[in-house]
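Please look at the sequence and the model together while reading this report.

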Amino acid sequence: MPFPGEKWTVRRNRLKSSFEALYRDVAAFFGLPPSIVWILYTLMDAEGELAQRNLGEEWGFPKQTINSAIHHLCRDGYLTLAVVPGTRNRKSIHLTERGRALAEHTTRLLSQAEERAAAHLTEEERRQYVALSEKYYRALLEETARIRK
């Protein structure tokens, strides 16, 4: 057993919870809910435009959480929505200049901190981390599907 006295799953779940708490704390430092931080983060990565539908799929947030966060960001002038041409009600999200400034002072700083932290790992360690995390996720998805049947 690689973790004497502690089950691997317990240690992994504690670590996952610690990551989530860290990101919640950073969001709170910025004065924002985590869902808004992740929306801004995703939009910065997408260079300012993204289909609204993709946010829930990419981040696993409930649709209502995404819709509420987007509503607040639009109301406060950080985002605009536009109907995707050729669709009836699909919308793309766009950062306004005000939204871009907010993202620069929040999620850009977070992303830079993540990059600096990742630099403590070799390129191979980063690849392994992602590959093993994805492999574990797929296996856990299959196993939990069995529970739900």
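The buried residues of α4 are Ile66, Ala69, Ile70 and Leu73, where buried means under 20% relative accessible area, exposed means over 50%, and partly exposed means in between, with a 1.4 Å probe and protein chains only. Because they cover an arc of only 100° around the axis, they lie on the same side of α4, the arc being that of the directions from the helix axis to the C-beta atoms. An α-helix has 3.6 residues a turn, so residues three or four places apart point the same way. On the other side of α4, Gln64 and Arg75 are exposed. This is a predicted model, in which local features need pLDDT of at least 70 and side-chain atom pairs count only at pLDDT 80 or more, while totals for chains, interfaces and linings use all residues. Residues are numbered from 1 along each chain as its sequence is written, and side-chain values use heavy atoms, with hydrogens and water left out.

Helix α4 covers residues 63-75, which is 13 residues, and spans 18 Å from its first C-alpha to its last, close to the 18 Å expected at 1.5 Å a residue; the expected span is 1.5 Å times one less than the number of residues. Helices (H or I, at least four residues) and strands (E, at least two) are DSSP runs, numbered from the N terminus. The cover over the buried residues of α4 includes α2, α3 (52-59), β2 and β3, and contact here means heavy atoms within 4.5 Å. After α4 comes Gly77, with a positive phi near 85°.

Strand β3 (residues 91-95) is joined to β1 by three bridges, and β2 and β3 pair over five bridges. Ser92 in β3 stands opposite Ala51, and Ser92 also stands opposite Ala82. Leu81 belongs to strand β2 and is partly exposed, with a relative accessible area of 36%. Although Leu81 and Ser92 are 11 residues apart in sequence, their C-alpha atoms are 5.6 Å apart in space. Leaving aside neighbours within four places in sequence, Leu81 is in contact with Gln52, Ile70, Cys74, Lys91, Ser92 and Ile93.

Within α2 is Ser35, which is buried, with a relative accessible area of 10%. Not counting residues up to four places away in sequence, Ser35 touches Phe61, Thr65 and Ala69.

Two packed helices are described by the angle between their axes and the distance between the axes. For α2 and helix α6 (residues 107-118), the angle is about 75° and the axes are 9 Å apart. That makes α2 roughly perpendicular to α6, given that angles under 35 degrees count as roughly parallel, over 145 as roughly antiparallel, 65 to 115 as roughly perpendicular and the rest as oblique. Where the helices meet, α2 brings Val37, Leu40, Tyr41 and Met44, while α6 brings Thr107, Arg108, Leu110, Ser111 and Glu114.

## The chain as a whole

The chain has seven helices and three strands, and from the N terminus on its elements follow the order α-α-β-α-α-β-β-α-α-α. Taken along the principal axes, the C-alpha atoms fill a box of roughly 55 × 40 × 25 Å.

Of the 149 residues in the chain, 23% are buried. Among the contacts with a separation of 6 or more, 49% are between residues 24 or more positions apart.

Notes:
Two strands pair if DSSP finds at least two bridges between them. Axes are lines fitted to C-alpha atoms, for helices over the stretch in contact, and angles run from 0 to 180 degrees between N-to-C directions.
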